[in-house]
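Here is a short briefing on a protein model. Look through the sequence and the structure, then read on.

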Amino acid sequence: MKGFYVLLAVVGIGGAVWLVYAARHKPEERPVPTTAVPAAPASGFRGYTLGSDSAPVHVAEYSDFECPFCAAFATVQMPQVRTQLIATGKVQWRFRDFPLSSHQYSRTAALAAQCGGEQGKFWEMHDQLFFNHQWAQTGKNPTGLFRQFAKTVGLDAERYDACMDSQRYAGRIEESRQEGEALGVDHTPSFYVNGRKYTGPPTSDSFKALIDSLTAQPKR
Amino acid sequence: MRRRQAIALLALGGLFVSLYLWLHKLGLIGVLQCGTGGCDTVQASRYADFLGLPVALYGVVGYTVLLVVSLVAVQQPDQPRLRPDVALAVLAAPGFLFTLYLTAVELLVIHAICRWCVASAVIITAITALSLSLVRRRL
């Protein structure tokens, strides 16, 4: 019995020390954005798209570049979605930023993607950020790595740097997040199919089944 | 007796896990240490609150009660009465069912896994199994 109480005390003291340590060692301030979020642009940017404007089904994806489940979707499911649904003209896919406040570098990554988009390579940067997702696990500032991604996809490095330094798309990213919040996005990735929230599993097969059923409906 | 002691130790461990998540919810702890990265997603979701209170707070209260009851049970003599064992099982079973619901939400709705939630799920499952085995042995 005495041994039990000793063990209980050890667990209790160990747990208390752990909690105190966790409370005292808060992370560093977020490096980006370091300035106030600019006002949303008046252009009403609605996100980068893949697929035809005339596709019968429109899917909006609210995603966070640092989110591992978004990365899993982008790397495992999205290639099938592109082949089976976007390339066939059934779907237009729209990417919307939804950076979670709890992720340290989500907005930096979203800015990098937008700066890629400025030079016509949003989706290339999107793929770099998701297919090389190790940066999200290290906790280190990935700004230099993102610059490498930019070079890899063929961006003009000077223009990319100027874009990142100016944070000119920070307002656009915040606007997208606010839009998602207003729609009720409560996790990432979240999807809206023709404006309605998609609650099924985030797999290419499920999307294909849903979109096939939507496109198969007889026109009146 | 060993099983009651194990329940007390598990409840204490569960209490610290719940406290960690609750303190984070209160803003007293910065970023959750989470290998999967899913903790923030889970904690930021609307399912992190239940009936207007943080889910972690339910854990803090539940594990505290389990700890107290199990310590009372440990104090019982070698011919223990059934009552504390039944109390442990009655307390643990709803916690286990609630954990099942939360785990299903993580997997099927949020599509994110928080390792601290998994730790709590393992703990409450073990406590439930041990308390049920205690009741069964006395019947």
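Among contacts in chain A between residues at least 6 apart in sequence, what percentage join residues at least 24 apart? The figure is 83%. Two residues are in contact if their C-beta atoms, placed from the backbone, lie within 7 Å.

This is a predicted model, in which local features need pLDDT of at least 70, side-chain atom pairs count only at pLDDT 80 or more, and totals for chains, interfaces and linings use all residues. Residues are numbered from 1 along each chain as its sequence is written, and chains are lettered from A and ligands numbered from 1 in the order in which they are written.

**Chain A overall**

- Chain A holds nine helices and five strands. Helices (H or I, at least four residues) and strands (E, at least two) are DSSP runs, numbered from the N terminus.
- Read from the N terminus, its elements run α-β-β-α-β-α-α-α-α-α-α-β-β-α.
- Of the 220 residues in chain A, 36% are buried. A residue is buried if 20 or more other C-beta atoms lie within 10 Å of its own, exposed if 12 or fewer, and partly exposed in between; the C-beta atoms are placed from the backbone.
- The mean pLDDT of chain A is 86, and 89% of its residues reach 70 or more. pLDDT is the predictor's confidence in each residue, from 0 to 100.
- Residues 27-40 of chain A stay under 50 in pLDDT, and the model has 20 contacts for them beyond four places in sequence.

**The sheet of chain A**

- Five strands form an open sheet in the order β1-β3-β2-β4-β5 (chain A), with mixed pairing. Two strands pair if DSSP finds at least two bridges between them.
- β1 (48-50) and β5 (196-198) of chain A stand at the edges. Each has a single partner strand, so one side of each is left without a neighbour in the sheet.
- From one strand to the next, the twist averages 30 degrees. Axes are lines fitted to C-alpha atoms, for helices over the stretch in contact, and angles run from 0 to 180 degrees between N-to-C directions.
- Strands of a sheet pair through backbone hydrogen bonds, either parallel or antiparallel.
- Strand β2 (residues 57-63) of chain A runs antiparallel to β4(A), and four bridges join them. A:V59 has A:V193 in β4(A) as its bridge partner.
- Strand β4 (residues 190-193) of chain A also runs antiparallel to β5(A), joined by three bridges. Here A:Y192 is partnered by A:K197 in β5(A).
- β4(A) and β5(A) form a hairpin with two residues between them. A:N194 in the turn has a positive phi of about 50 degrees.

- How far does helix α2 (residues 68-86) of chain A span between its end C-alpha atoms? The span is only 23 Å, while a straight helix of 19 residues would span 27 Å at 1.5 Å a residue. The expected span is 1.5 Å times one less than the number of residues.
- A kink of about 50 degrees lies at A:Q77 in α2(A), shortly before the proline A:P79. The bend at a residue is the angle between axes fitted to the seven residues ending there and the seven starting there.
- Buried residues of α2(A) include A:F69, A:F73, A:M78 and A:L85.
- Helix α8 (residues 170-183) of chain A has 14 residues and should span 20 Å at 1.5 Å a residue; its end C-alpha atoms are 20 Å apart, which agrees.
- Among the buried residues of α8(A) are A:I173, A:E175 and A:R177. Their cover includes β2, β3 (91-97) and α3 (106-118) of chain A.

- Most residues other than glycine have a negative phi, and most peptide bonds are trans.
- A:Q167 has a positive phi of about 55 degrees although it is not a glycine. A:Q167 counts as buried because 21 C-beta neighbours lie inside 10 Å.
- The peptide bond from A:T188 to A:P189 is cis, with omega near -5 degrees. A:P189 is found in the loop between α8 and β4 of chain A.

**Chain B**

- Chain B has five helices and two strands. Buried residues make up 47% of its 139 residues.
- B:G59 lies in helix α3 (residues 55-74) of chain B. B:G59 is buried, with 27 other C-beta atoms within 10 Å.
- Beyond its neighbours within four places in sequence, B:G59 is in contact with B:G14, B:S18 and B:S120.
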